[in-house]
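Subject: A structure for you to explore

Hello,

Here is the structure I promised to hand over. Please open it beside this email and follow along as you read.

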Amino acid sequence: MKGQLVRIKSGIHFRFIIISVMVLIGSGLRAQAWEFIKEKDGIKISTRKADNSSFKCFKGETVFHTTMAKLSMYIGNVNNVNWWDKNVREIRVLSSEPEKYMKYYLVYHVSWPLNDRDLCVEARITVDPVTGEKVVSAKPLLDVVPEREGVVRIRNYWQKWTLKPTGNNTVSAVLEGFVDPGGNVPSWLYNMVIVDTPLKVMRGIKTLVEEQN
């Protein structure tokens with residue numbers, strides 16, 4: 001009887017440890033809250049701390065006054081990149097399938113004294129057949145394109161577009177992302193300028209799609 005009680009207590013103690021560990025892991029994985037930074041040109045900008053990094057994530061939220069079809073000409077279409085950041089000095093499509101996935105390699109020009117950056121990306125596209133919601137999720141495609149001398153490879157990166165049709169030719173859009181630029185870039189300086197990334201991208205798309213209406 002005494003041995004049975006010891007086994008029961010041991011089992012309870014073991015389950016308590018497991019539950020405690022799971023709670024701690026879950027709290028560690030819980031994403032940091034977004035902090036609203038500013039709103040400009042109908043675009044709300046927020047940032048939050050990234051796990052295990054001094055660089056921040058960014059988020060932009062807006063409503064495009066256009067159709068999903070017109071937005072799809074730009075978002076999730078690697079064959080139409082003329083509107084991309086002018087600092088992209090080289091881009092090469094590795095493979096793609098419309099409305100499913102795309103893989104590409106690009107090089108960013110960075111002003112002296114920093115080195116240029118390059119990045120190999122895999123983006124997956126999903127569309128909800130009921131709601132029409134479209135998600136474009138991008139992540140690094142590692143060890144596919146050889147690294148180049150004098151160019152810093154970006155390895156820690158993600159980006160996500162969430163587009164939801166809201167009726168009357170309007171689409172609710174959220175752009176989230178994170179980039180660790182690598183090299184010796186001060187995090188305080190990077191975090192100052194990263195807030196303008198979603199603003200610049202979304203404002204550029206607004207100009208393209210809304211002027212066509």
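Does Glu122 count as buried or exposed? At 12% relative accessibility, Glu122 counts as buried, where buried means under 20% relative accessible area, exposed means over 50%, and partly exposed lies in between (1.4 Å probe, protein chains only).

Before we go on, a word on how to read the model. It is a predicted model, in which local features need pLDDT of at least 70, side-chain atom pairs count only at pLDDT 80 or more, and totals for chains, interfaces and linings use all residues. Residues are numbered from 1 along each chain as its sequence is written, and side-chain values use heavy atoms, with hydrogens and water left out.

Salt bridges

Side chains of opposite charge can pair when their charged atoms come close. A salt bridge here is a side-chain nitrogen of Lys or Arg within 4 Å of a carboxyl oxygen of Asp or Glu, and a search of the whole structure finds 14 of them. One of them joins Asp196 to Lys38, with the closest N and O atoms 3.1 Å apart. Asp196 lies in helix 4 and Lys38 in strand 1 (residues 35-40), so this pair ties together parts that are 158 residues apart in sequence. (Helices, H or I with at least four residues, and strands, E with at least two, are DSSP runs numbered from the N terminus.) Asp196 is partly exposed at 36%, and Lys38 is partly exposed at 28%.

Glu122 has a salt-bridge partner too: Arg124, with the closest N and O atoms 2.9 Å apart. Arg124 is partly exposed, with a relative accessible area of 42%. Glu61 and Lys59 form another salt bridge, at 4.0 Å between the closest N and O atoms. Glu61 is partly exposed at 30%, while Lys59 is buried at 13%. Finally, a network of salt bridges links Glu90, Arg92 and Arg148.

Strand 10 and its partners

Lys59 also leads us to strand 10, where its bridge partner is Glu176. Strand 3 (residues 56-64) and strand 10 run antiparallel and are joined by seven bridges; two strands pair if DSSP finds at least two bridges between them.

The largest pocket

How much space lies in the largest pocket? About 1500 Å³. On a 1 Å grid over the protein atoms alone, a pocket is an open set of points where a 1.4 Å probe fits, with protein on both sides within 12 Å along at least five of seven lines, and lining residues have an atom within 4 Å of a point. The points are joined across faces, edges and corners, and the volume is the space filled by probe spheres set on them. Of the 47 lining residues, those closest to the centre are Asp85, Tyr108, Val179, Thr197 and Val201. Helix 4 gives the most to the lining, with six residues.

Happy exploring!
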